Amino acid sequence: AVTFSSLINGLCFEDKFARAMEFFDEMVASGYQPNLHTYNTIIKGFCKIGKTNVAVGLLKKMDRAGGRPDVVIYNTIIDGLCKDRLVNEALDIFYEIKGKGVRPDVFTYSILMHGLCNSDQKEEASALFNEMMSLNIMPDVVTFNILVDKLCKEGMLSEAQGIIKIMIEKGVEPNYATYNSLMNGYCLQNKVFEARMVFDAMITKGSKPNVVSYNILINGYCKAQRIDEARELFDEMRFQGLIPNIFNYNTLISGLCQAGRHCEAKELFKD
RNA sequence: UGCAUUGCCCUCUAGU
């Protein structure tokens, strides 16, 4: 059963969801009883290809058949709905499960807070944050990162710094995503220097910058018309053994183009 | 007994 589930998961990961489904149907037809892990993998697959409604249908079917969906399954569905910008439907499910004895966990709250932030409902997200605290469901680094990121995107950098201070006081260490959000926030305010300080600080604190960290800074330099520094960072990233991804190429190539340096852009494109 | 499933950060384009 484990290998079966892993296989399906692997197929979904490789965007071979249709194959995964085929496989799932065959197994069920030959009398195999899928467990919660397997169901969740399938449900997530449906959400990923934009068929959240099918996922919800599967959930209801499980429910009716007495399949007892667990909090992980509900979290997957709630996240799928949020990513489809159907936060209200996600909240409906949240209230529904609270009423029937499935305890929301730190994932549930983080997912919903993320959805609320993405639909410009920061106040509601804070309310959920307070609610989870009052229920003794402790926010973790991801929960805090969601708040930090939202504040950074709104340009409220000192508030974001405040949250980081609070998280540290609570014994939750910021990770690379926290620093990346902060760097991005500074770049959005055209404060590349401050972003660079964060970048350097994260190295000192032992969080290795990843390709995303580099990309944020590269983008910051490009937007500030400092293309040469952007190029240097790109090279340094490779020197550090990081493999540039599609984002890195896009960022630098469009930066070069906007600066009128089309030849260099073409060179890079060839890689 | 162990092992598998859910949440956070970056680019461009298009749409609105």
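**Contacts with the RNA**

Modeller: A polar side-chain atom of Thr143 sits 3.3 Å from a base nitrogen of RNA strand B; a polar contact here is a pair of N or O atoms within 3.5 Å.

Biologist: Before we go on, what kind of model is this, and how is it numbered?
Modeller: This is a predicted model, where local features need pLDDT of at least 70, side-chain atom pairs count only at pLDDT 80 or more, and totals for chains, interfaces and linings use all residues. Residues are numbered from 1 along each chain as its sequence is written, chains are lettered from A and ligands numbered from 1 in the order in which they are written, and side-chain values use heavy atoms, with hydrogens and water left out.

Biologist: Thanks! How far is the side chain of Lys153 from a phosphate oxygen of RNA strand B?
Modeller: An N or O atom in the Lys153 side chain is 2.8 Å from that phosphate oxygen.

Biologist: How many residues surround RNA strand B?
Modeller: There are 39, and the closest are His37, Asn40, Asn145, Asn180 and Phe247. A residue counts as near if one of its heavy atoms lies within 4 Å of the strand.

Biologist: Which element gives the most to that surface?
Modeller: H9 does, with six residues. Helices are DSSP runs of H or I with at least four residues, numbered from the N terminus.

Biologist: Changing topic, what's the volume of the largest pocket?
Modeller: About 510 Å³. On a 1 Å grid over the protein atoms alone, a pocket is an open set of points where a 1.4 Å probe fits, with protein on both sides within 12 Å along at least five of seven lines, and lining residues have an atom within 4 Å of a point. The volume is the space filled by probe spheres set on the points.

Biologist: Which residues are closest to its centre?
Modeller: Of the 21 lining residues, they are Asn75, Thr76, Asp79, Lys83 and Ile111. Helix H5 (71-83) provides the largest share of the lining, six residues.

Biologist: And the second largest pocket?
Modeller: Its volume is about 240 Å³, and its lining includes Asn145, Asp149 and Asn180. That lining divides into six nonpolar, five polar and one charged.

Notes
Helices (H or I, at least four residues) and strands (E, at least two) are DSSP runs, numbered from the N terminus. Ala, Val, Leu, Ile, Met, Phe, Trp, Tyr, Cys and Pro count as nonpolar, Asp, Glu, Lys and Arg as charged, and the others, Gly among them, as polar. A polar contact is a pair of N or O atoms within 3.5 Å; within protein, one must be able to donate a hydrogen and the other to accept it, and residues adjacent in sequence count only if both atoms are side-chain atoms.
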